[in-house]
Amino acid sequence: MDGTTAEEMRAALRGPVIGPQDQGYAEARTVYNAMIHRRPAAVVRCSDAADVMAAVDFVRDHGLELAVRGGGHSGAGLCVQDDAVTLDLSPIRWVRVDPVAKTARVGGGSLLGDVDHAAHAFGLGIPSGIVSTTGVAGLTLGGGHGHLTRKYGLTVDSLVGADVVLADGSFVTASATEHPDLFWALRGGGGNFGVVTSFNFQLRPVHTVGVGVTLWPVDQAREVLQWYRDFLPAASEDLNGFFAQLVVPPAPPFPEDIHGHKMCGVVWCWTGDLAAVETALAPPDGPGAPTFHFAAPMPYPALQTMFDELMPPGLQWYWRGAFFDRISDDTIGVHLKYGENIPTDLSTMHLYPVNGAAARVGKDDTAWAYRDAVWSGVIAGIDPDPDNAETIRQWAVDYWEELHPHSMGGAYVNFMGTGEGHDRVRATYRDHYDRLAGVKRTYDPDNVFHANQNVTPADVP
């Protein structure tokens with residue numbers, strides 16, 4: 001994009017257009033994952049929906065490439081592309097709660113922490129991720145899961161509407177009654193169909209929750225997983241617990257004598273009666289006495305920020321994901337092998353439950369195609385040192401390749417890493433892919449929105 005084109009774009013928009021020669025360009029092109037080093041032609045900070053409409057028109061009409069950034073948490077760095085124009089929604093960051101209707105309107109550049117803070121004042125919230133700096137847009141469009149999934153379902157199961165700028169620059173509202181095919185596709189189909197400038201969520205009751213962490217030495221992972229695979233699916237839906245393999249960080253609440261140790265365990269969230277929290281989060285003894293156990297009541301937003309300092313922006317990340325309907329003994333052997341060989345202090349593996357309320361939504365009601373999954377797994381190689389980038393990437397890839405034959409085939413689209421290929425996208429959407437391709441043909445026939453885990457427009461029959 002030459003200087004004249006950049007000036008024309010600046011004249012068309014209220015928000016700043018930041019190019020390679022401008023002050024602030026280095027910061028503007030930086031995303032959460034420091035492994036991503038791309039140089040967009042420009043970063044456009046859209047001030048409102050009108051800016052988004054004008055920017056989409058401008059980029060399309062000038063034959064430029066387009067990417068969209070909500071919170072910048074894309075592990076694959078899809079929101080910035082070399083020589084493309086990134087539409088940065090960060091100025092569209094606001095939340096408006098209606099405590100009577102128990103809904104929240106959320107700007108497309110908002111972060112999970114913004115929603116948690118605004119809704120908490122009314123004893124409300126939405127099921128979402130586990131790091132408060134994650135963007136609402138990317139997480140929601142991919143489906144979204146976290147501490148409240150067993151109780152309230154996926155993030156998209158609380159979505160009741162969205163304002164969307166389409167590839168032709170027009171503005172529509174998608175809901176169950178307006179553009180219902182687009183609304184179906186937005187609930188799990190990623191950023192393939194337009195730029196969502198605001199979301200409308202049905203809020204759920206949540207205020208103070210029981211929070212627990214239970215850890216065992218990593219060489220007990222077999223016993224722990226054999227217990228966990230039976231215990232959690234049968235437990236009350238008020239109890240959520242994701243399994244993790246990790247290196248214990250040198251921080252509270254962990255005692256010094258386990259700092260730096262490779263361990264496995266469960267992070268718990270109890271949404272039931274707080275009078276029962278001690279019983280609900282009592283130290284489990286099924287797999288043997290744990291090395292460490294912590295449990296306490298906590299405001300829901302505090303739980304949501306618990307991992308923020310451990311996972312700040314600017315780390316090297318490489319991740320892979322997979323869905324599982326069971327945890328077989330063969331799978332456990334793979335987890336034990338790679339858990340004992342975690343390559344860096346921040347690298348980890350999580351198994352998030354996606355059963356309970358999420359499983360009761362109809363298979364074809366949303367684009368999310370794995371309502372029969374029980375766990376959504378992620379393998380994340382993480383480290384601050386760029387010299388370790390290949391080490392963490394190779395660990396994640398090798399781990400995933402050994403797990404994949406035991407998986408359901410696809411993965412949570414937001415857990416897909418770079419270079420996985422179009423077959424993985426198809427596997428993630430299963431038999432919903434063709435319907436998504438049809439919606440894509442209707443709303444983005446020229447594939448303007450392709451800087452994503454892309455669904456290509458269906459051929460005209």
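A: We may begin with one residue of this predicted model. I36 lies in the loop between α2 (25-28) and β2 (42-45).

Q: Is I36 buried or exposed?
A: A residue counts as buried when its relative accessible area is under 20%. I36 has 13% relative accessibility and is therefore buried.

Q: Which residues does I36 touch, leaving aside those up to four places away in sequence?
A: I36 touches V31, G75, A76, G77 and V80.

Q: What does UniProt list for residues 36-206?
A: An unreviewed UniProt entry lists them as "domain: FAD-binding PCMH-type". Over residues 36-206, the chain is 23% helix and 26% strand, and the end C-alpha atoms are 36 Å apart.

Q: How are two packed helices described?
A: One gives the angle between their axes and the distance between the axes. Here, the axes of helix α1 (residues 3-12) and helix α3 (residues 49-61) cross at roughly 155° and come within 10 Å. Because angles over 145 degrees count as roughly antiparallel, α1 is roughly antiparallel to α3. The crossing of α1 past α3 is right-handed.

Q: Which residues meet where α1 contacts α3?
A: From α1, the residues are T5, E8, M9 and A12; from α3, they are A54, F58 and V59. Five residues of this contact are nonpolar, one is polar and one is charged.

How values were computed
Residues numbered from 1 in each chain as written. Predicted model: local features only at pLDDT ≥ 70, side-chain atom pairs only at ≥ 80, totals over all residues. Heavy atoms only, no water. Axes fitted to C-alpha atoms, helices over the stretch in contact; angles between N-to-C directions. Helix = DSSP H or I, 4+ residues; strand = E, 2+ residues; numbered from the N terminus. Parallel < 35°, antiparallel > 145°, perpendicular 65-115°, else oblique. Left-handed = near helix turned anticlockwise from the far one by under 90°. Contact = heavy atoms within 4.5 Å. Nonpolar A, V, L, I, M, F, W, Y, C, P; charged D, E, K, R; others polar. Buried < 20%, exposed > 50% of the residue type's maximum accessible area, 1.4 Å probe, protein only. UniProt positions renumbered as here; feature names shortened; annotations may be inferred.
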